[in-house]
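Let me put the thing on screen and then walk you through it.

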Amino acid sequence: MTTAWRALERHWFAPASLDDLAIVRIVLVGAQLFVFLPSLDRQLWLLGTDPSLYVPIPTLKVMLLPFGGWGIRPDAAVLTALWYLGVLTGIAALLGTFTRLSLLGFAATNTLLIAHAYSYGQRHHPEAVMVMALWVLALAPVGARWSWDEIRSRVRASVRTGQFAPPLGTDAMSELARWPLRVIQWLLVLVYFSAGLSKLVSAGPDWLNGHTLTYYLVQDGLNKGVPLGLWLAEHPMAVRGLSVVALAFELSFAFAILVPRLTWGYVALGAVLHLGIWFTMQANFFQYIFVYVAFVETLRTRTPVRLATPASQRHWTVVYDGLCGLCVRSMVILDYLDLKRRLRSVDFERNWGTAAALIPDLTMERARHAMLVVTPDGRVHSGFFAFRAVARAVPLLWPVLPLFYAPLANRIGPWAYGQIASRRSRHVCSTSTCCR
Amino acid sequence: MRNSKALQKAGAVVVSALVLGLQLWAIVPRGHAMDWYWPFMDYPMYSRPHFAGETFRQHDLRLVPCRGGSGRERVQAWQLGVEPFMMIGLLRDLDTAAAHRRLTRDSAETLLGHLVSNRWPGSYCTAQLWQRGVVIGAPGPVPVDPLWQVIHTWPIPQRPER
């Protein structure tokens, strides 16, 4: 009993990477925001349909309660406002600003808009798992990494301690990072199992006779005008083989979780099946391909091809003023953007010896005047040029490089840097207790 | 701190059990669709069996203008303000009812007539159900554009003048 309980606890609560959870948030929110967000035009078009067709589903009735009562039909103003709220909360959730709150808002608005679309007699399947995944993520620590919330909390900690806070590291783990991924994974298992079970209950072995899938290929081929589906319908052996593969995949998807070495195979096969279903039947289940990101940990740790290159030993060392709030904030953000960990930092106020060893002719006055960067080949850059050297080392800053190398940048850049630097404040200690 | 973590874990257990439990409840086979409680729903699409020799039938709604003439206009679902799948279902019901002379024909006929007369008052007086079919498992290539034929005609009730 204890062993089973421990195994169960490990399955749901073994420490997992907060980075993985953040990746899932970014992929799912990004996909829902940019690809699958319900169209406002269609929402408004639905309002123009015959009132006799409006049969609100319970989810919609519950969610519309605050807007006027049980079973009401929303008006254009409410739907438009909710749609814009969905976009705003989606952007905030993607960037990780007030992540939980914004993700809750994003999940709620999407649920309401989709439930509204499904209150006119027809309900479809593609969005359900994605919507449930968004709700589950909203209750998890998805904003702990790769979020504005994280930058803000690190800046706050740095300002509070008066020091550039050490980075969280790429291996930040949490006992609460695994369960949301497990819920999404098991949801996929239940959904696929339901599809397979329905086939067994309705058709039994007849579902594998080839004619069943042929019928559906002809049905969607003619109804939706898909020549590829009609072409496939002419190949009975291929159709029979595909029937077997599809049913086996649906009924056995749990192995994608239970046997991690099979995860890549299931995810790849699932993606191919969904793409194939689109090309031959135009049934759009692309959400599922995105939802597979819930297997990110297994996909990352058991990748069949090693893509990672050895970490570079070349480092750029930033010599900064640890008593200047703006400098500390800048270091936090630079450190955050430095995915390849190419930057090293030296607070010359606290580690003068290290700074002086790096730059032999360094004076305290020069160090306090502007940020300094020592490149891997030993060259020293100062102020604007130091910042430009850092931008070259950090790929996420490459988009601003054209600006830094534009005509007149060599004149305007140092001037702008000087303007900002001259206005920064320094927290100079008057007692020995505030500087450690 | 320890208590807070335990509380958070307990919350996670409750949420996980609720979400997966509701989904599990929705997928239990019952003989009828379980999509009313969306997003918790079953996935029975494409599950009914079909056999060689069976005919897939595709339907079309066409309207005859009141002004006369031989022109018949095809109507798409969006023009009537209904979902494409709903339109397919209505036309299939109409075909089945017409074939078996069942009463349900009346409801599909009435609803479609109501939608047409609401959308284009006084423009169309007759509706026609057209059909084309493909025999499953028949040798040779699947026809990409089989011939259409009219299988049922009914009058569209006109809305009273205001």
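I'll start with the overall shape and then go to the sheet.

Quick housekeeping: this is a predicted model, where local features need pLDDT of at least 70, side-chain atom pairs count only at pLDDT 80 or more, and totals for chains, interfaces and linings use all residues. Residues are numbered from 1 along each chain as its sequence is written, while chains are lettered from A and ligands numbered from 1, in the order in which they are written.

So, chain A has 22 helices and six strands, meaning DSSP runs numbered from the N terminus, with at least four residues of H or I for a helix and at least two of E for a strand. The C-alpha trace spans about 85 × 60 × 50 Å along its principal axes.

Now the sheet. Which order do the four strands take? In chain A it's E4-E3-E5-E6, an open sheet with mixed pairing; pairing takes at least two DSSP bridges between two strands. Strands E4 (343-347) and E6 (380-382) of chain A are the edges, each pairing on one side only. Between E5 (residues 372-374) and E6 of chain A there are three bridges, and the two run antiparallel. There, A:Val373 sits opposite A:His381 of E6(A).
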